Amino acid sequence: MIDLSTEYLGMKLKGPLMVSSTPLSESIHNVRLMEDCGASAVVLSSIFEEQLSLESRALDHDLSRGTESFPESLSYFPDLDDYRAGIDTYLSHLVRVRGSVSIPILASINGATAGGWVRFAQEVEAAGADALELNTYSLATDPRIPGSEVERHLIELVSQVRATVKIPVAVKLSPQFTSLPNVAAQLDKAGVNGLVLFNRFYQPEFDIEELSVVPRLNLSRPEELLLRLHWTAILYGNISADLAITGGVHSAEDVLKGIMAGASVTMMASAIHLHGIEHIASVLSEVQRWMEDHEYASIRQMRGALSRRSVPDPSPFERGNYIKTLSSYTMRRPALQ
Amino acid sequence: MKSQETVILDANEAVASVAYRLSEVIAIYPITPSSPMGEWSDQWKEERKPNLWGSVPLIAELQSEGGAAGAMHGALQAGALSTTFTASQGLLLMIPNMYKIAGELTANVMHVTARALATHALSIFGDHSDVMGCRSTGYAMLCSNSVQEAADLALVAHIATLESRVPFLHFFDGFRTSHEVNKILPISDEDIRALLDEQTIVAHKQRALSPDRPILRGTAQNPDVFFQAREACNPFYLATPAIVQDVMDRFGRQTGRSYKLFDYVGAADADRVIILMGSGAGAAEEAITYLTGTGEKVGILKVRLFRPFDASAFLSALPSTVRSIAVLDRTKEPGSLGEPLYQDVITAIAEGAADGTLHFESQPRVVGGRYGLSSKEFTPAMVKGIFEELSKARAKNHFTIGIDDDVTHTSLAYDPEFSTEDPRTIRALFYGLGSDGTVGANKNSIKIIGSETDNFAQGYFVYDSKKSGSITTSHLRFGPQPITSTYLITQANFIACHQFSFLERMDVLTAAAPGAVFLLNSPYGADEIWAHLPRKTQATILDRKLQFYVIDGYTVAQTAGMGNRINTIMQTCFFAISGVLPREEAIQQIKKAIKKTYGKRGDAVVQQNFDAVDAALAHLHKVDVPGIVSATFDILPAIPAGAPPFVRDVLGTIAAGYGDSLPVSALAAGGTFPTGTAQWEKRNIAQHIPVWDEAICIQCGKCVMVCPHAVIRAKVFDAKLAASAPATFKTAKPKWRGMEQDLYSLQVSPEDCTGCQLCVEVCPVKSKSEAKHKALNMEVQAPLRSEENKNWAFFESLPSVDRSLVNANQVKDIQLLDPLFEFSGACAGCGETAYVKLLTQLFGDRLYIANATGCSSIYGGNLPTTPYTVNKQGRGPTWSNSLFEDNAEFGLGMRLAVDQQKQHAEELLKRLTPILGEELVTGTLSADQSTEAGIEQQRERVAKIKSVLEAASAGVTASDVLGLAAIADSLVRKSVWILGGDGWAYDIGFGGLDHVLASGQNINVLVLDTEVYSNTGGQMSKSTPRGAVAKFAAGGKPNSKKDLAMEAVSYGSVYVARVAMGGSDMQTVKAFQEAEAHNGPSIILAYSHCIAHGYDLIHGLDQQKAAVQSGYWPLMRYNPALREEGKNPFQLDSKAPSIPLKEYAYREARYTMLARSHPDVAKELLHEAQDDVERQWRVYSARAAMPGRGETPHIAPPEKEEDLVAVGKGREEQ
C-alpha cells in the first residue's frame, strides 16, 4: 500500500495535494467536494485588510452622502441594526466550512497594518482555523523604500503574528527578493512553520483601444512551476520550516516534481478552475499509479530527492546553469528556423 | 412619581415611540415633516421591537395619505388599534376618512406635525393651517407645545380616545417641535400601563366588525333619520373634555408632569392675556416669566384641547382681572371674521356673557392676530409687542406680528432687541455645509452634553433651499434650566463657521454677543487670517471683542482620510474652546459617540475619526487680533447689483438670508414670480471645475448633454466676434460641415458649476500621450475663477445658433441649443435634471410644464430663484405645481385650455378674414408646424395678425378683435409636459396618470424615475426594485417594480419610452422627439440616478449603462405611429442582458447594505430580481420580435427551452 500522506505545519495530511486560495472555496459545497476528491487541506481565499477598510469607508460615505443637507431629506436610508463587515462573513464561513469537512482548513489573511494582521490572526484562530497562511503580497512602488526595509517590515509583521497565535503559521512569499534564502532563513528564525512558494502577481492588462489599464488575474500556467521547483530545491534542507509549492501545479507530474524538489505539499488552484474540482482525484490517482510504477512506497520517500543537496550535480541550480542554457539555446536556434 | 433617566431626542421620535407601542397596525405615507415617525416605526418593526403587548406591529405603506387613512379606517373597523402620521396636504387627503372614523365613534389617534397648506406657494414648514382644516371632522384636537409635551400628550391622546370613543388628532408644530432635539423624560412602558385600562381595548375590539357577531356599519340614511342619528354622538363629545382632564391628572400623578385642558401661566391678577397653542407658547412663557418679574400684570393661556372646546374650563382658566385678550392663530382664513381660535374665544365669552356665567371683573376686549405662518419666527420680543398693543385703549384687531405689512397695515410693531434669554444658557451657532457633517456632529454634541452633564440641551437646525452645497445653521443651547426657547438664537456666545467660503457672501457674525468666541475653519493660519477677512467681519471681531480661533479642518480631515467630513474635528475644537466639559473628558465622550455612530460601519471609519479628533487640537490656534480694520474688500451681495431690480432687491434679500425683513409689498399677491433668475445667484460651490482641452476635443456634445446644472455649454459663432474675446477664451474649428469658417467654443460657468464631474466622466476622448488626460479635466477652481468668469460673460454675449440649422435628432447638434433650465440647486450630479434640461433645449420656447410636488418641483420652484429661464426672444418654459396627487390631471387641464383657445382662435381668424386677408388666414390655418422653421414662420404670421388687429377698425366687432389678440399666440404649436417622480407616477398620482394616458389628448409625461421618494428622503415607492433597501423597506423590498411602461403600452394608443441617458443618449433624444411629435398621450420613463441610491454620483452614467447592460432597464420605444406604417410599434433599443444583475446592483449601497446586514435575504432577493430581469427581457424581446404591425396576440415564449422538449415528449407518449 502506497503511503500518500505527508506532514505540513505539524499537521498530518492524507495526501500531497492541497487546494490553495481560490474563490471556489467560498462555497461549502465545493470544499466538501474537494475533500471527497482527495484534497488533503484547503486554504480559504484571502481576506484583505485594505478591502475591509475600503468597504467600511465606502459604506460610511454611501450612507452619509447627501444627509443633513435638506430639511425634507435629512437622510436617505434606514439605519439598520448592524452591518456585517467582510471579516464577519469570512469568519462565519470559516466556522461553517470547518464544521463541514474533516480535512484541515487554513485561513489566509493579508493585512495592511500591523494591527490588522494581528487582529485578523487572532480572529481566525478563535474561529477554529487549523493553521494560518499569511499572504504577504505587497508591491514596492515607492522609490524611497529600499529592499532591506521591505524585508525588515515583513519579518516584523510575521514575528508579531507568530507571537500572537498558537496555531501553525505559514508565510506565502513573493519570489522577488534579492536573497530569497536569507529572507527564508529570517522567517525560519522568526518561528514560522512553513513557507509557501510563491504568490502570483496581479498583472494589469493594457487595453490599447480604450487606452486603459485594467486589473486582471490570469490562471497559472504549468511553466510557472519551474521557478517554484528551483527555489524549493534550493531551500530544502536549509531551513526547518516546511515548504509548500503553489502556482503552476497542474498535473500529477507537477505534484511529483514538487515533492521531489523538497515540498511537503503542493497546492493547486488554477487547474481546478480549468478542469473542475474532480481534477484533484484524477491527479492523485495518477500520482499513485506513477509511484506504483516506479516503486515508491511513500511521499516521504521521494521528498527532496531532486533538491539541490540531493542531486549529484547541483550546478543546474546555480550560475553555471544560466551559461549552459544560453549557449544551448543559441546553438539550437538555427535548427528551429 | 419617580426619578428617571433622561433621553435626548426630537418630538417625531418621542411621539412615534408612544404610538408604536400602543398600535397593532400603522398605516404610513411619507410627507414632511412627519415622515420620520413612519421611518422610526418601520425601523423598529425591522428590529422586531414589540409593542406594549409583545407583538410587532404591522406597518403598511400606502399609495397616498388618502390610502393610509382608508387602511387605518379598515384596520380600526376590524378591531385593531391603528394609527398614522401625517401633515399638511396629506392630512387634507385624510379628511374624508376622518369624518367617517369620527362619525362611527372609533377610538383612534393620528399624530400630525402641523404644517402650512399650499396656497399661493407650497411650504414644508410649520403652522396650523392643516389641522385647522380638520376642525369640523369630529376628531378631538390636542396640541403639544414642546418635545416633552409631544411625548406626554401622545400618550394622553391614546388613552383618552379609548376611554371616550372620540378619535384624536394629536398635533405639534412641524420642524419647530417635530425636529427640535431636546432633553426630555421618556414615556416608559410602566407609565403607559399605569394609565391604560385594558378593558377599553376589549371594548374597542368588541365594537369592531366580526363575522362571529356580525353587524352592519356605514349605511346610507335618508332625510327621516340622518339628522337624529348625527346628533346621537353628542354625549360622547360632551364627556370628552372631562375624560381628557382625568387622563391628564392620572398622567400627572404617574409622572409628575401635570397638564390642564387650558393652562394659564402668569400673574394671578393679569389685566392682559395672550391665548395661543403650539410651540409659540414656549417663547410666550419665556416673555411672561420676564415681564411678570418686572411687575407687569400679564399672562398667557395655553390651549391644549382645542376640540371639543370646553368653554367652561376655558373661561375659568382666565384670571377674573383680565381686561384685554389677544388670541393668536397660527393660520390664516382669508375672508373670515377672524381665525378659528379667535372665533372660539369670542363665542365662549359671548355665550358666557349671555348666560351670565362670566367671572370677569369687566368683560374683556378680545382681539385676534396671526403669527408664525410657515415657521416664521415667534419670539418673546413679539409677545412683548402684543402686550404693549393690548395696553392701548383700542388695540388693533386682526393684526399680524412678526412681519411688516405695509399693504393693509395689519402688523404690530415690536422691539426686536428685547431678549429674555437666560444668561446662564450657553448659546452656540454653527454654520456648515450639508456635506461636511456639521449637523450630525452637533446632534452628537447635544447628546454628549445632555447625557454626560447636568445641563439641559436643545438643538434646532435650519437648512437653506438647495440640495447641493446647502448651508446649514445649527442653533444649540445648553444650560442648567430646562430650555423652552422655541426660537432661533440671535445672541450667541459661540459662533463657528465651518466653511471659509461663507465669509465671502455672509455675515456669519451678525448674532455674535459681545466677548463671544468665533471659531473659523480656515486654510489660512493664525498669523495670516486677518488679511483674508472682509471689512465687516474684521470690524465685528474688534467691536464686540470676540475671541478668535482658527483651524485648518480640511487639512486635518484629509490627513485622516476623511475627505471633506470635518465634523468630528470641528466638534473637538468646540469642546476644547467652549469648556462645556473638561477637555480630556470631552474627547473621551466624542470618541464614545464616534464608536456608537460609526461602529457598525467598520473599524476603519471609527479609527479615522479617532485620528481626526487626536489631530484636531494640534491645529487649533488662537488668533492674535490686530487692533485695526485693514481689509480693502467687504462681504459681497448674494445677488449682484446688475441684476433686475426685483431679482436684486427681493430675491437677493432672500438669498442673503434676510427674507424675514421683506415687507408684504415686496411680494406679489398670488405667488407669481419671474423666471430666468437662477443665473443671478452665483453660489460658487465647486472646489474643482472642468477645464476644456480644445486641441483634443471632438465636439461630440456629450458633456453638454449630461451636465445636470447646464453649466457647460457650446456655441458656434462667427469668427469675427472672437476679436473682442478675453485673452484666455478658447475656441476650436467647428466639426460641422458648412461651419468650417466659424469658431466653436465650449465654456464652463465657474461659479454655477457644482463640481459633480459627470462631464469629465462621460468625455470619450483621451490624450494619445497621457491616457488620464481627457478633453475635459477637473482643475482647482479658485485660480481659474476670475478669468473664467470673464470668459463666461463673453460666451453669453455671443449669439445663439439658428435653431433651424440644427439637427435636433443629434446629440452633437443639441449642444448648440440653448438650455432654458440652468443652474438648479439639485444635488450635484443629479440624474433628473439632464432630462429636464434636454426638454427645454428641444421645446423650451413653447413649453408648458405641470410639475408634481417632489424633487423636481423643489429644484424647479423653491425660492429664491428658479432655473427655468428664457431665450433671447424672451420665450421659455412656463411652469406650475399644483399638488403631488393631481399632476397628471393638472397638465391635462393645461392641454385642454391650450387646445380650446387654439380652436377659438381659428374660429376668430376665419371671422376676421376680411381684415386679416385670405392669404394670412389660410396660411395660418394650414401651417405646417412640424419643424422648427415651420414654427418660426407661424410665429411671424401671428405677429403680423397681432399688428393688423391693432390697427383694425371697421367691419368687425370689437369683441372678436380683442378676443383674437388675446389668444393669437395659441396658434403657434405648444408642447404640454407633465413632470414628476415615481412617487407621483407609480403611487399617489397613478389613478390620474392612468386616466390622462387613456384620454387620447396630446399630452406628454416625463417620469423622472429615481425608484424612491427622493425628496422626502428615500421612501419606497412601487417603482423601488426588488431587493433594494429604502425607507419603509428597511428589510429590502420584497416584490418587484411595477412595469409602468407595459401598463401604458397596453392602451395601444400611447407613445411609451424607457430611456436612460447613460445607456443611450441618442435613444433618449429620439424618444423625446417622437413623444412630442405623437399627436396623443405619450409617456417617457427616464432612469434617473439619485443620491438615494447610495453611491458617488460621479458614476451615475456608468450605472445607467450597467442598468441597461444587465437588462434591468431595457431601452424601448412603443410608437403607435409605426403601426400606421405597417410596422411593429414596439422597438427594443438595447441588447440582450450581457452582465448579471448583481454586477449592476451591487455597486449601490441600497442593495449592498442589505447584503451586509441580512446576507441570506439579500441573496434570495437578488436571485428573484435576476429572474425578474430575465422574465421581463423575454416579454420585451418577444413583443419586439412580433411580425407585421405587432398586433399578434401578445404571447411570450415559454420560459425555458427544456419545457418545450418536456411538453413535446409528453404528447408523444400520449
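I started with an open sheet of six strands in chain B, ordered 9-11-10-13-14-15 with mixed pairing. Strands here are DSSP E runs of at least two residues, helices are H or I runs of at least four, and both are numbered from the N terminus; two strands pair if DSSP finds at least two bridges between them. I noted strand 9 (262-266) and strand 15 (399-401) of chain B as the edges, each pairing on one side only.

A reminder to myself: this is a predicted model, where local features need pLDDT of at least 70, side-chain atom pairs count only at pLDDT 80 or more, and totals for chains, interfaces and linings use all residues. Residues are numbered from 1 along each chain as its sequence is written, chains are lettered from A and ligands numbered from 1 in the order written, and side-chain values use heavy atoms, leaving out hydrogens and water.

Next I checked strand 10 (272-276) and strand 13 (324-329) of chain B: they run parallel, joined by four bridges. B:Val273 has B:Ile325 as its bridge partner in strand 13 of chain B.

Then I turned to the interface. Chain B gives 56 residues to the contact and chain A gives 34 (contact means heavy atoms within 4.5 Å).

I looked for salt bridges (a side-chain nitrogen of Lys or Arg within 4 Å of a carboxyl oxygen of Asp or Glu) and found four across the interface of chain B and chain A. One salt bridge joins the side chains of B:Arg601 and A:Asp60, at 2.8 Å from N to O.
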